[in-house]
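Okay, everyone, thanks for coming. Let me put the structure up, and then we'll walk through a few parts of it together.

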Amino acid sequence: GFRSLAPAAASEEFYLWLTALARLAASVEALSAGGSPGIPDAVVALGSCRDLVASLARRAKNGAFHFQLVFLALLHDTLDLALHCTGCANEIYVTGTTQASYRASRFCQHQWN
């Protein structure tokens, strides 16, 4: 039970792991509560989580946390891409044209041509 976890809970690694899990939970909460407007907060929380897991991986030095780091990097990149696509879509919606800026026109050209 809990008594067997108590000695490990005092370590810095345990604190980093729990903090990383809390940041991951904050990222998921931002997405579930806010939808697409919650993406910026989710990206920040997920980046912080990834940094904490990278710190743990450096301490382990045996290839530990490789899967977690790759998974978090892919999730972060996916959310970052969604954030940029949402921004371009909003720009197109507000201006009513894909020619409003170089960014939006390049996005549309890549996607639909």
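So, let's start at His66, which sits in helix H4. Keep in mind that this is a predicted model. Is His66 buried or exposed? Its relative accessible area is 56%, and the cut-off for exposed is over 50%, so His66 counts as exposed.

Val53 takes us to the core. The largest nonpolar core has 13 residues, and Val53 is among those touching the most other members, along with Ala20, Cys49, Leu72 and Leu79. Which elements give two or more residues to this core? Those are H2 (12-34), H3 (39-60) and H4 (66-95). H3 gives the most, with 8 residues.

Leaving out residues up to four places away in sequence, Leu79 touches Ser27, Leu31, Ile39, Ala42, Val43 and Leu46.

The crossing of H3 and H4 is left-handed. As for who is in that contact, the H3 side includes Val43, Cys49, Arg50 and Val53, while the H4 side includes Leu72, His76, Leu79 and Asp80. Sort the residues of this contact by type and you get 16 nonpolar, 4 polar and 2 charged.

Conventions. Residues are numbered from 1 along each chain as its sequence is written. This is a predicted model: local features need pLDDT of at least 70, side-chain atom pairs count only at pLDDT 80 or more; totals for chains, interfaces and linings use all residues. Side-chain values use heavy atoms; hydrogens and water are left out. A nonpolar core is a set of buried Ala, Val, Leu, Ile, Met, Phe, Trp, Tyr and Cys residues joined through side-chain atoms within 4.5 Å. Buried means under 20% relative accessible area, exposed over 50%, partly exposed in between (1.4 Å probe, protein chains only). Helices (H or I, at least four residues) and strands (E, at least two) are DSSP runs, numbered from the N terminus. Contact means heavy atoms within 4.5 Å. A crossing is left-handed if the near helix is turned anticlockwise from the far one by less than a right angle, and right-handed if clockwise. Ala, Val, Leu, Ile, Met, Phe, Trp, Tyr, Cys and Pro count as nonpolar, Asp, Glu, Lys and Arg as charged, and the others, Gly among them, as polar.
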